[in-house]
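The following exercises are to be worked through with the sequence and the model at hand. Each task is followed by a solution in steps.

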Amino acid sequence: MPLVPVTTQNTQVVITTAAQLTGTLRSDVVYLIDGAIDMGAASIEVPEGGLSMFGYGYDVASVYSDTANATLFTSPAGGYSGNLILTGMTLYVTNTGAKVFNLDNASNFSAVELDTVNLGKFGAPGTETTSLGSLTAYRQFRMVGCAIIRAEDGLEFIGAWAGGAAINDTILLSIGAGVTMFKAGAGMDFQGSSLSNINAVSVNDTATVFDWADANFSRDEGFALVGARFNLAAAHTPIPNMTDGSTRRYFKDCSGVANTYPGGHWECTTEVATTL
């Protein structure tokens with residue numbers, strides 16, 4: 001027998017229209033996405049207390065907009081957003097100037113967590129997701145079991161983060177020419193550790209997966225890739241701003257990037273004649 005959701009005012013709100021996601025939302029309930037929700041020009045404001053949204057799976061639950069300059073998730077005017085927890089859904093925007101996120105935590109130690117979420121979708125030309133947008137001064141960004149599909153512009157990390165990013169069991173699909181997926185915005189500083197085993201094989205040769213640099217990490221081995229996979233084309237540089245010898249990176253069992261050599265060697269770089 002199929003499971004029938006029970007709507008309880010104190011714990012769960014079933015969402016069937018965009019109007020239910022506008023205005024002041026509660027932080028002490030789960031918003032259950034039932035079907036495809038077209039937000040149009042409206043935004044979902046993530047309150048200071050946080051917001052939790054669940055769906056029955058990315059094939060049956062989606063929140064989207066086809067409207068120019070729309071933003072799906074925003075912060076309160078003059079305030080900040082708390083935790084954003086998203087599970088089991090698809091998110092996408094498909095028009096000029098539109099973006100998925102524009103959230104600022106203002107260093108209030110919150111997280112954005114995506115579990116089994118598709119960002120973007122497959123479709124006819126013109127349905128590519130315009131931009132994933134930006135996240136500012138959160139503690140942590142976490143993706144697990146997710147897919148980023150046909151995005152034309154990636155996700156920008158801005159400001160100081162007390163933690164970092166964990167992007168695991170996540171795949172990039174049909175990422176086009178010149179796209180930068182995970183971007184270093186103004187003042188980006190991951191003060192904790194960041195980890196990923198991303199599958200980024202299905203990207204254009206000219207796409208950048210991580211444009212992060214040494215200056216974006218406060219600690220040695222602050223950026224760890226273990227078992228990550230990238231496009232093997234000779235011309236592809238998925239992480240162009242971190243050298244193989246950087247102490248801020250630790251790459252192990254990866255393909256498409258140079259793994260970290262945890263040792264040293266001697267070599268002669270200059271010869272000087274000795275008079276006998």
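A residue is called buried under 20% relative accessible area, exposed over 50%, and partly exposed in between (1.4 Å probe, protein chains only). The model is predicted, so local features need pLDDT of at least 70 and side-chain atom pairs count only at pLDDT 80 or more, while totals for chains, interfaces and linings use all residues. Residues are numbered from 1 along each chain as its sequence is written, and side-chain values use heavy atoms, with hydrogens and water left out.

**Exercise 1. Overall description**

Solution. 
Step 1. Helices (H or I, at least four residues) and strands (E, at least two) are DSSP runs, numbered from the N terminus.
Step 2. The C-alpha trace spans about 95 × 40 × 40 Å along the principal axes.
Step 3. A contact means heavy atoms within 4.5 Å. Among contacts with a separation of 6 or more, 73% come from residues 24 or more positions apart.

**Exercise 2. The nonpolar core**

Task: Find how many residues the largest nonpolar core has and which have the most contacts inside it.

Solution. 
Step 1. A nonpolar core is a set of buried Ala, Val, Leu, Ile, Met, Phe, Trp, Tyr and Cys residues joined through side-chain atoms within 4.5 Å. In soluble globular proteins, nonpolar side chains tend to be buried together.
Step 2. The largest core has 67 residues, and M53, F73, L91, F101, F141 and F210 have the most contacts inside it. Strand 8 supplies the largest share of this core, with five residues.
Step 3. Leaving aside residues up to four places away in sequence, F210 touches residues including I167, F182, I198, F223 and P240.

**Exercise 3. A buried threonine**

Task: Is T94 buried or exposed, and which side chain does its own side chain join in a polar contact?

Solution. 
Step 1. T94 is located in the loop between strand 8 (84-93) and strand 9 (99-104).
Step 2. T94 counts as buried because its relative accessibility is 15%.
Step 3. A polar contact is a pair of N or O atoms within 3.5 Å; within protein, one must be able to donate a hydrogen and the other to accept it, and residues adjacent in sequence count only if both atoms are side-chain atoms. Such a contact, of 2.4 Å, joins the side chains of T94 and D66.
Step 4. Residues up to four places away in sequence not being counted, T94 touches S65, D66, G126, T127, E128 and T130.

**Exercise 4. Salt bridges**

Task: Count the salt bridges, and state whether R249 is buried or exposed.

Solution. 
Step 1. A salt bridge is a side-chain nitrogen of Lys or Arg within 4 Å of a carboxyl oxygen of Asp or Glu. The count by this rule is six.
Step 2. In one of them, the closest N and O atoms of R249 and D244 are 3.7 Å apart. R249 is buried at 4% relative accessibility, whereas D244 is exposed at 52%.
Step 3. R142 and E113 form another, at 3.3 Å from N to O. R142 lies in strand 12 (residues 140-144) and E113 in strand 10 (residues 111-119), so the pair ties together parts that are 29 residues apart in sequence.

**Exercise 5. Aromatic pairs**

Task: Name the geometry of the pair formed by F190 and W212.

Solution. 
Step 1. Rings of Phe, Tyr and Trp (its six-membered ring) pair if their centres lie within 6.5 Å; planes under 30 degrees apart count as stacked, over 60 as edge-to-face and the rest as tilted. The whole structure holds 18 aromatic pairs.
Step 2. The pair of F182 and W212 is tilted, with 6.4 Å centre to centre and 55° between the planes. Both F182 and W212 are buried.
Step 3. The pair of F190 and W212 is edge-to-face, with 5.3 Å centre to centre and 80° between the planes.
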